[in-house]
Amino acid sequence: MKKGHPVLTIFLFFLGWVFMYADRNILSPVMGDIGEQWGLTKTELGLMSTVFFASYAAMQIPTGFLADRFGRVKVLVIGYILFGVATFLTGLATTFGMFLLMRALTGLGEGTYYGSQYGISSSITSERYRGLVSALINSGMAFGISLGFIGSAYITYTLDKGWQFTFYLFAVPTIIVAILIALFVEDGRAKESKVQAKEKEPLRKLFTKNHILVYILIFCSLYGFFGMLTWLPYYLQSSRGLEASETGIIASLVPWASIPGAIFFGYMSDRIQNKKALIVSLSIAGALCQFFIPYTNSYVWLLVGLIVYGLIGKLALDPILISYIASITPSTMYSKVYGFFNFSGMLSSIFAPYITGYFADRSGSMELGFYLSGGLLLIGALLFLLTGQQKSVYSVSNPVLK
């Protein structure tokens, strides 16, 4: 029997997100170099992220069913090891086709994490603290984004190691994290199954009106977020004239600002019963930031826009939506619902990098992609107003964090 303390579980899941998001964002600062090496267009540069997110999204729903049936830790660890190995192999790619294949394998590996991880963390946490715990775990995303941006830019341009070296370097701690999770994290699924063995929950419970509107909103939120993450360093270099070595630090303003924002709003969401007003407000504010960032010509106001977006954007909204959807879903279906939830969001990430690059090739400007992101998020916020009354009828059986 594993004896891992719940605080250790939360910390390891935090580290899991650190290296997931570091891997995703070590690519962004060096897209220009990779494009020059293989003679790629902006559309093809966007395809590098699209291939990764397509395979990542494809794993979300199967992972939810596999994790709830065979074990959340087991499925998570196998995928995470594949992610680490594929990250190392990405650095060895000698052709663009091989590079795309390795990014697809990386996406398949990372795709086992979301539903499994939030299935476990939601099962050990009562509703009273679920938003805060999700925010603490999610803050690993912010550290990972910053680590990926700064590490990739520093290693490639300051140390002059070449873009491949970052992939080699990040693969090692990734595999170590997988081993630690296997050793110290308890699944919790077996206890849940014994307590609720007689409850055969129909799949339609994951497709109520409230569920569907959450899926739409996360799609709209992640479209802008991943479009920005993929292209922001390149945009700062090509459209704002900043040095490549500086863009990693500036782009990191978003994730660093998101840490206090996510924890604050996660804590606030745990203190209010109806989260609709908070969710809608944050969504609209995030959309306005996505309009403002490409619109302003001022360097100072650009920095302000990035910081504000970090405080109230996708990373602040995520813990609230995670808590919200857990409160309207049976605990035995957590991995499944988080699979559908993340699949809905990641569908947008398949299109956002490619479409932003496509518009940049056709119009000669990258601003249109940002404006489209803001418009989609506004639509998602308005549709979320149609959600019915939030009924927190599902509780966690014997949560560890009470």
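User: Is the crossing in which α1 passes α6 left-handed or right-handed?

Analyst: Left-handed. The term applies when the near helix is turned anticlockwise from the far one by less than a right angle; clockwise would be right-handed. This is a predicted model: local features need pLDDT of at least 70, side-chain atom pairs count only at pLDDT 80 or more, and totals for chains, interfaces and linings use all residues. Residues are numbered from 1 along each chain as its sequence is written, and side-chain values use heavy atoms, without hydrogens and water.

User: How do you know the relative direction of α1 and α6?

Analyst: The axes of α1 (residues 6-25) and α6 (residues 96-110) come within 12 Å and cross at roughly 160 degrees. Angles under 35 degrees count as roughly parallel, over 145 as roughly antiparallel, 65 to 115 as roughly perpendicular, the rest as oblique. So α1 is roughly antiparallel to α6.

User: Which residues make the contact between α1 and α6?

Analyst: Met 20, Asp 23 and Arg 24 of α1 meet Arg 103, Thr 106 and Glu 110 of α6. Contact means heavy atoms within 4.5 Å. The set divides into one nonpolar, one polar and four charged.

User: Does Cys 220 count as buried or exposed?

Analyst: Buried, at 5% relative accessibility. Buried means under 20% relative accessible area, exposed over 50%, partly exposed in between (1.4 Å probe, protein chains only). Cys 289, at 8%, therefore counts as buried too.

Note on methods:
Axes fitted to C-alpha atoms, helices over the stretch in contact; angles between N-to-C directions. Helix = DSSP H or I, 4+ residues; strand = E, 2+ residues; numbered from the N terminus. Nonpolar A, V, L, I, M, F, W, Y, C, P; charged D, E, K, R; others polar.
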